[in-house]
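Me: I'd like to go through this one by asking what each label rests on. Ready when you are.

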Amino acid sequence: MKTLILCGAFASLAMTAATGAEAPASVSTQTEPMAPAQMTMPRDAMGYARKAGASDLYEIESSRLAQQKAGSGAVRQFGQMMIEHHTMTTQQLTSAARAAGMTPPPPALEPRQQKMIDELRGLSGAQFDAAYLRQQRMAHQEALALHSGYAENGDNAALRKVAAAAVPIVQRHIDLLAQLPKS
């Protein structure tokens, strides 16, 4: 009987994961970015432009919050750099897309990114710092996978070049994040 109950519980969890249904109430609802292996990597120019634009916008918006709510000067300084670098990569992407004859979509947050921003809005000081840095670490892993994947397999040469140029920038951010506190 215990085996039957356990099998039923595992089947329920598997169905929840497979269908994208809501997790049981006992599971934490804290917003986590997807691991890069879970992401769908676009190979088409518009898909890449949309996803890269959303990534940059998340970095800019979350880092503007860091300027207001961070408890640590190091976190505020990192946030300022994120605003500058991701504004630059957005401009590079937009210019390359236009030069390739595309009309890139205006950057828009994905729903999970909006949830992450909403989480940060409710925090300040050390709690903000911990959540912001946790989100930044995962978001930069996602961005690295996005840009390196498109640089290797994308369908537009101009955007592949932009993606390849973004890889070392994102890697630098990851390296800097490794030097900041984990909690």
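Reply: Let's start with the holes: the count comes to three cavities of 30 Å³ or more. This is a predicted model, where local features need pLDDT of at least 70, side-chain atom pairs count only at pLDDT 80 or more, and totals for chains, interfaces and linings use all residues. Residues are numbered from 1 along each chain as its sequence is written, and side-chain values use heavy atoms, with hydrogens and water left out.

Me: What makes something a cavity?

Reply: On a 1 Å grid over the protein atoms alone, it's a set of points where a 1.4 Å probe fits but cannot get out. Grid points are joined across faces, edges and corners, and the volume is the space filled by probe spheres set on the points.

Me: Which residues line the largest cavity?

Reply: A lining residue has an atom within 4 Å of a point. The largest cavity has 14 of them, with S55, R112, Q113, A139 and E142 nearest its centre. Two or more lining residues come from each of α2, α4 (111-121) and α5, and α2 gives the most, with five.

Me: Why is S63 called buried?

Reply: Buried means under 20% relative accessible area with a 1.4 Å probe, counting protein chains only. S63 has 0% relative accessibility, so S63 counts as buried.

Me: What is S63 in contact with, leaving aside its neighbours within four places in sequence?

Reply: Contact means heavy atoms within 4.5 Å, and on that basis S63 touches G79, M82, I83, Y132 and Q136. S63 sits in helix α2, and its side chain reaches the backbone oxygen of E59 at 2.7 Å.

Me: What covers the buried residues of α6?

Reply: The buried residues of α6 include L159, V162, A166 and I169. Their cover includes α2 (45-69), α3 (73-99) and α5 (125-153).

Me: And what caps the N-terminal end of α6?

Reply: N156 does, with a side-chain oxygen 3.0 Å from the backbone nitrogen of A158.

Definitions and conventions: Buried means under 20% relative accessible area, exposed over 50%, partly exposed in between (1.4 Å probe, protein chains only). Helices (H or I, at least four residues) and strands (E, at least two) are DSSP runs, numbered from the N terminus. A polar contact is a pair of N or O atoms within 3.5 Å; within protein, one must be able to donate a hydrogen and the other to accept it, and residues adjacent in sequence count only if both atoms are side-chain atoms. On a 1 Å grid over the protein atoms alone, a cavity is a set of points where a 1.4 Å probe fits but cannot get out, and a pocket is an open set with protein on both sides within 12 Å along at least five of seven lines; lining residues have an atom within 4 Å of a point.
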